[in-house]
Amino acid sequence: MLALSHYNSSAPLLLPHVANDSGGKVEVRAAVEGLSHHENLTFEEPTAGGAFIVILSMTLGIISNIVALFILVNAYSLQRRRSKATFLLFATSLVITDSIGHVIPGALVLRLYLSGAARPQYVNSSDGMCQFLGGSMVFFGLCPLFMGCAMAAERCLGVTKPLLHSSLVTKRRAKICLSIIWLAALSVALLPCFQLGSYTYQEPGTWCFIKVLSDTKEVDVAFVVLFSGLGLASLAVALVCNTISGLTLVFARLRRQPGSHHSTKSHDIEMVVQLVGIMVTSCICWSPLLIFGLMSVIHSYTGTIGHSLSYYETLMVMGVRLATWNQILDPWVYILLRRTVLRKIYLIAKCQAGLRGTILGRWEPSSFPSSEKNDVDQV
């Protein structure tokens, strides 16, 4: 299959070479069959409805991230706890990265929709926009996964080893960690610049990603394995850390005797709940693309993709559509899973289920005090 570039009506057509010997007819027939097969792989023309969906998605993502950023910046300016301030620094950086990662690729995809999409022309070719869009997809895909992993590890240390956390985790080190995350994601995204992998247009020609479906080589397989492996490993580490943090908080609360002063901090509960929300969102949104990419490149490289090409193209489109929702849903984790909202949800659930006097009654509303009251107590 030919790599994709922008359609240009003035570009020369790929014509079969006609030989003068007796085998010329065979060459012409093979070339015509090849062109016929290539014609079947031409991308479908994107519709106006697709462009409208892109605009709607960008608008929703921008609004969501702005609201979440306002909440986080306001909380960060009022927060005096160092552990909470570190978490808010990570969370604010994540929202900013999500916002940029939603606008830049979205604008490029919208341009491809409006320009009529790219079409295959030259073997193993790709233009500058495709390279930039593919690199953006990889960079802004890995950054949230790395940050979610780092945040989960930081909270796990804070919940299980608070004294060690207070001596190791500082704002300066958190900023260094963020810089390392951005640098690591950028290094992976720039690998094709050193001929270690490649980006190509993907069905239906309105987005670019790592080459996974045709003419794949060892470097392409290695690139996809690296990208998907890092993403899945980040999700696995976040799952383990959040599970440990959650169980530690639950066991600490269950061991507390009724009527005694609760030792579990409300801000720890809030942060762990938000981290679980981020982890669940990332797993739902990114796991399909990471797994489908691995499946596609392995079948393509081994030559077993056969007549299932359209099936794997559909999987990749489904995967990238789910991945785009990560930048939209992440901000709502911070908007909805705040202490004030959690406290109201708990009170409503307690009234409806009649939990007073049960073991769940140990989770009093005081576990989720309002932010305003918490700020007054700190002063």
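Biologist: Which cysteine has the sulfur closest to that of cysteine 177?

Modeller: The general idea comes first: a disulfide is a covalent bond between the sulfur atoms of two cysteines. Here, a disulfide is a pair of cysteine sulfur atoms within 2.5 Å. For cysteine 177, the closest cysteine sulfur belongs to cysteine 149, and at 9.1 Å that is too far for a bond. Before we go on, this is a predicted model, where local features need pLDDT of at least 70 and side-chain atom pairs count only at pLDDT 80 or more, while totals for chains, interfaces and linings use all residues. Residues are numbered from 1 along each chain as its sequence is written, and side-chain values use heavy atoms, with hydrogens and water left out.

Biologist: How many disulfides does the structure hold, and which cysteines form a disulfide?

Modeller: There is one. Cysteine 130 pairs with cysteine 208, with 2.4 Å between their sulfur atoms. The bond bridges distant parts of the chain, since cysteine 130 is in helix α4 (residues 128-160) and cysteine 208 is in strand β4 (residues 207-210), 78 residues apart. Helices (H or I, at least four residues) and strands (E, at least two) are DSSP runs, numbered from the N terminus. The torsion about this S-S bond is about -125°, so the disulfide is left-handed.

Biologist: Are cysteine 130 and cysteine 177 buried or partly exposed?

Modeller: Look at relative accessible area: buried means under 20%, exposed means over 50%, and partly exposed is in between (1.4 Å probe, protein chains only). Cysteine 130 has 0% relative accessibility, so it counts as buried. Cysteine 208 is also at 0% and counts as buried. Cysteine 177 is partly exposed, because its relative accessible area is 28%. Cysteine 283 takes part in no disulfide, and its nearest cysteine sulfur, in cysteine 285, is 9.6 Å away. Cysteine 283 is partly exposed too, with 29% relative accessible area.

Biologist: Which residue stands opposite cysteine 208 in β4?

Modeller: In a regular strand the side chains alternate between the two faces of the sheet. Two strands pair if DSSP finds at least two bridges between them. Here β3 (residues 199-202) and β4 run antiparallel, joined by four bridges. The residue facing cysteine 208 is tyrosine 201. The two strands make a hairpin with four residues between them, and glycine 205 in the turn has a positive phi of about 90°.

Biologist: Which side chains meet in a salt bridge?

Modeller: Side chains of opposite charge can pair when their charged atoms come close. The cut-off puts a side-chain nitrogen of Lys or Arg within 4 Å of a carboxyl oxygen of Asp or Glu. This structure has one salt bridge, between glutamate 154 and arginine 155, at 3.1 Å from N to O. Both of these residues are buried.

Biologist: How many residues are in the largest nonpolar core?

Modeller: A nonpolar core is a set of buried Ala, Val, Leu, Ile, Met, Phe, Trp, Tyr and Cys residues joined through side-chain atoms within 4.5 Å. The largest one has 71 residues, and Val138, Met151, Phe209 and Ile210 have the most contacts inside it. Its largest share, 14 residues, comes from α4. Apart from it lies another core of five residues, including Ala152 and Cys241. A contact means heavy atoms within 4.5 Å. Setting aside residues up to four places away in sequence, valine 138 touches Val188, Ala189, Tyr199, Phe209, Ile210 and Phe227.

Biologist: What does leucine 72 have contact with?

Modeller: An α-helix has 3.6 residues a turn, so residues three or four places apart point the same way. Leucine 72 is in helix α2 (residues 48-78) and is buried, at 4% relative accessible area. Ignoring neighbours within four places in sequence, its contacts are Leu88, Ala91, Thr92, Val95 and Tyr334. Tyr334 is one of the buried residues of α10.

Biologist: How many of the residues of helix α10 are buried?

Modeller: Eight of the 11 residues in α10 (residues 326-336) are buried, so this helix is largely enclosed by the rest of the structure. One of them is Asn326, which is also touched by serine 282. Serine 282 is in helix α8 (residues 266-302) and is buried, with 4% relative accessible area.

Biologist: What does the secondary structure of the protein come to?

Modeller: It has 12 helices and four strands. Of the 379 residues, 48% are buried.
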